[in-house]
Amino acid sequence: MESNGEFIESVDKIKTRVVGIDIRLEKTTYAMVDIRGDIIAQDYFSTLDFPDVNDYVSTLTEKVLTMVEENGGYETIRSVGVSAPSASMTTGCIENAANLPWKGVVPLAAMLRDRMGLAVAVANDAHVTALAEKTYGSAHGMKDFVVVSISHGGLGSCFYSNGQPHLGFDGFAGEVGHTCVEVGGRQCGCGNLGCLETYCSKQGLVKTAKELIEKSKEPSLMSEVEDLDIQSIAKCCDKGDKLAIEAFRQTGEMLGLGLANYASVINPEAIILTGDILQAGKWLLKPMRESFDRHVFRNIKSKTRILVSILKEGERDVLGASALAWDVKEYSLFK
Ligand SMILES: [Zn+2]
């Protein structure tokens, strides 16, 4: 009979850790995540410090490998997952990102794979956020759901159908931010008029607030605030400021309309919302829900849950990127 030690040597070991990387304009966050979704180590650096993408990828590789060496070693890492704006899962490239310092097409997956010697999967930020919600968050166990991320300038989304993410013919599915909610409305960065994100992003909310102050004869506490943002407008709401409440009401009205159109087309079990703007709580969510119920197709009205993400803002996308890493075929250059 074999001794226990010999038996263990006669089976293969699996690698129980991956690296998740979240690339944004302001910072790049990277983490080692284990098989249970626990973050073992996490750190970040400024993306804008690297206008040259080759310098960026070299520095990122160096920082990740240093973290790995300090926390168990290279041989424990199975693969790497990356979240980035305007990235295509099909090609592994970042393509013409408006929100990153590098122009044109960046073959990020290939560049990282060459330098790290590990399998690398790349996907766009909206897709990775949805994967995080499915694996560790509010969409756990769901097969049909939408995740909408509301950021400073835009609204990204990804939806799952029958347990699979819907990528679309060319990988650009889910651009709900660029659906029209006001014919001839505000100018959008995409070139069209009246896109949802021109009203419901953080910038859209601030613009609505400023328009209200300008047009209304009603006095408002908001006119005393130097830099209007979500928090300061919400604070004015708490003090009963009518124009601040109206700014969130109009934002919620547009968001509810956009989400109702979305839900009427794909009939999700739930819509999960992420982003700082949700900190405004009832000031945004109540008018949004009312608008949603008014506009959505009646047969799905009471059956669509609207949820706010339960994952931490700083952890969601590295967790999603780590989940992406588990999906890629294992490969290691330096075993
Ligand atoms: Zn647009």
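At what angle do helix α6 and helix α8 pack, and how far apart are their axes? In this predicted model, α6 (residues 202–215) and α8 (residues 242–266) pack at an angle of about 135 degrees. Their axes lie 9 Å apart. That angle makes α6 oblique to α8, since only angles over 145 degrees count as roughly antiparallel. The crossing of α6 and α8 is right-handed. On the α6 side, the contact is made by Leu205, Thr208, Ala209, Leu212 and Ile213. On the α8 side, Leu243, Glu246, Ala247, Phe248, Gln250 and Thr251 take part. By class, the residues of this contact divide into seven nonpolar, three polar and one charged.

Helix α8 also meets helix α9 (residues 282–295). The axes of α8 and α9 come within 7 Å and cross at roughly 40 degrees. The two helices are therefore oblique to each other. The crossing of α8 and α9 is right-handed. From α8, the contact draws on Ile245, Phe248, Arg249, Thr251, Gly252, Glu253, Leu255, Gly256, Leu257, Leu259, Ala260 and Ala263. From α9, it draws on Trp283, Leu284, Pro287, Met288, Ser291, Phe292, Arg294 and His295. Twelve residues of the α8 contact with α9 are nonpolar, five are polar and three are charged.

Helix α4 contributes His127, Val128, Thr129, Leu131, Ala132, Glu133, Thr135 and Tyr136 to the contact. Helix α10 contributes Arg316, Asp317, Leu319, Gly320, Ala321, Ser322, Ala323 and Leu324. The contact of α4 with α10 has eight nonpolar, five polar and three charged residues.

The model also holds a zinc ion. His178 coordinates the zinc ion through ND1. Cys188, Cys190 and Cys195 each coordinate it through SG. The angles among the four donor atoms are 103 to 123 degrees, and the site is tetrahedral. For four tetrahedral donors, the ideal angle is 109.5 degrees. Along the sequence, the donor residues of the zinc ion follow the spacing H-x9-C-x1-C-x4-C.

Conventions
Residues are numbered from 1 along each chain as its sequence is written. This is a predicted model: local features need pLDDT of at least 70, side-chain atom pairs count only at pLDDT 80 or more; totals for chains, interfaces and linings use all residues. Side-chain values use heavy atoms; hydrogens and water are left out. Axes are lines fitted to C-alpha atoms, for helices over the stretch in contact, and angles run from 0 to 180 degrees between N-to-C directions. Helices (H or I, at least four residues) and strands (E, at least two) are DSSP runs, numbered from the N terminus. Angles under 35 degrees count as roughly parallel, over 145 as roughly antiparallel, 65 to 115 as roughly perpendicular and the rest as oblique. A crossing is left-handed if the near helix is turned anticlockwise from the far one by less than a right angle, and right-handed if clockwise. Contact means heavy atoms within 4.5 Å. Ala, Val, Leu, Ile, Met, Phe, Trp, Tyr, Cys and Pro count as nonpolar, Asp, Glu, Lys and Arg as charged, and the others, Gly among them, as polar. Donors are N, O and S atoms within 2.8 Å of the metal (3.2 Å for Na, K and Ca); water is not among the atoms, so sites may look incomplete. Four donors count as tetrahedral if all angles lie between 85 and 135 degrees; four count as square planar and six as octahedral if opposite donors are over 155 degrees apart and all others between 65 and 115; anything else is irregular.
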